[in-house]
Amino acid sequence: MAATFFCPQCFTKVAETTEICPHCHTDIKQYLHHVPYVTRLIHALGHPESEARMSATIALAGLAPPEAVKPLLDLIAQWPSDVVQGTQAIDALMQINTKEAWQGIDTISKTHPSTVIRHVAERALSRLLEG
């Protein structure tokens with residue numbers, strides 16, 4: 001099975017050799033070389049493929065950029081039934097470890113439609129309070 005490639009800007013499926021996206025006209029090589037990595041990771045949280053979103057979430061957990069808090073919270077809200085992705089996003093928020101991240105986790109623990117995600121958020125808050 002051949003790999004599927006996407007424009008990094010608009011996520012339209014493109015051939016591996018595509019230089020200019022036929023949909024959004026992004027110069028793919030320029031985008032990849034000039035848009036900061038963290039910015040690209042945050043943008044990838046909106047990717048249509050769950051594997052790409054998960055990869056971006058894991059990478060953001062390792063880098064812990066504060067500017068990823070709102071996009072990670074938005075990701076959890078946008079995909080409420082994806083508990084694996086939501087759990088990983090909560091882990092990323094824990095790694096970022098800012099007041100905004102804690103407040104977001106607290107809100108998730110009280111309002112998220114998934115019982116599993118609420119429980120994961122509650123446990124994360126408990127670990128924050130213990131640490």
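Reader: In which loop does Asn97 lie?

Author: This is a predicted model, and in it Asn97 has a positive phi of about 55° although it is not a glycine. Most residues other than glycine have a negative phi. Asn97 is partly exposed, with a relative accessible area of 41%, and its place in the chain is the loop between α5 and α6 (99-111).

Reader: Is His25 buried or exposed?

Author: His25 is another residue other than glycine with a positive phi, near 65°, and it is found in the loop between β2 (13-14) and α1. Exposed means a relative accessible area over 50%. The relative accessible area of His25 is 58%, and therefore His25 is exposed.

Reader: What is the pattern of strands and helices along the sequence?

Author: The protein has seven helices and two strands, and its C-alpha trace spans about 50 × 25 × 25 Å along the principal axes. Read along the sequence, these elements follow the pattern β-β-α-α-α-α-α-α-α.

Reader: What share of the contacts between residues at least 6 apart in sequence joins residues at least 24 apart?

Author: As background on the interior, buried residues make up 36% of the 131 residues in the protein. Among contacts between residues at least 6 apart in sequence, the share that joins residues at least 24 apart is 45%.

Reader: Which element gives the largest share of the lining of the largest pocket?

Author: The largest pocket holds about 200 Å³ of space, and of the 14 residues that line it, the closest to its centre are Pro8, Arg40, Leu41, Ala44 and Ala56. Two or more lining residues come from each of α1 (28-34), α2 (37-44) and α3 (50-63). By class, this lining has 11 nonpolar, two polar and one charged residues. The largest share, four residues, comes from α2.

Reader: How many residues in the lining of the second largest pocket are nonpolar?

Author: The second largest pocket has about 170 Å³ of space, and its lining consists of Thr4, Phe5, Phe6, Cys7, Pro8, Val14, Ala15, Glu16, Ile28 and Leu32. The elements that give two or more residues to this lining are β1 (5-6) and α1. Divided by class, the lining of the second largest pocket has one charged residue, one polar residue and, as the number asked for, eight nonpolar.

Conventions
Residues numbered from 1 in each chain as written. Predicted model: local features only at pLDDT ≥ 70, side-chain atom pairs only at ≥ 80, totals over all residues. Heavy atoms only, no water. 1 Å grid on protein atoms, 1.4 Å probe; cavity = no way out; pocket = protein on both sides within 12 Å on 5 of 7 lines; lining within 4 Å. Points joined across faces, edges and corners; volume = space filled by probe spheres on them. Nonpolar A, V, L, I, M, F, W, Y, C, P; charged D, E, K, R; others polar. Buried < 20%, exposed > 50% of the residue type's maximum accessible area, 1.4 Å probe, protein only. Contact = heavy atoms within 4.5 Å.
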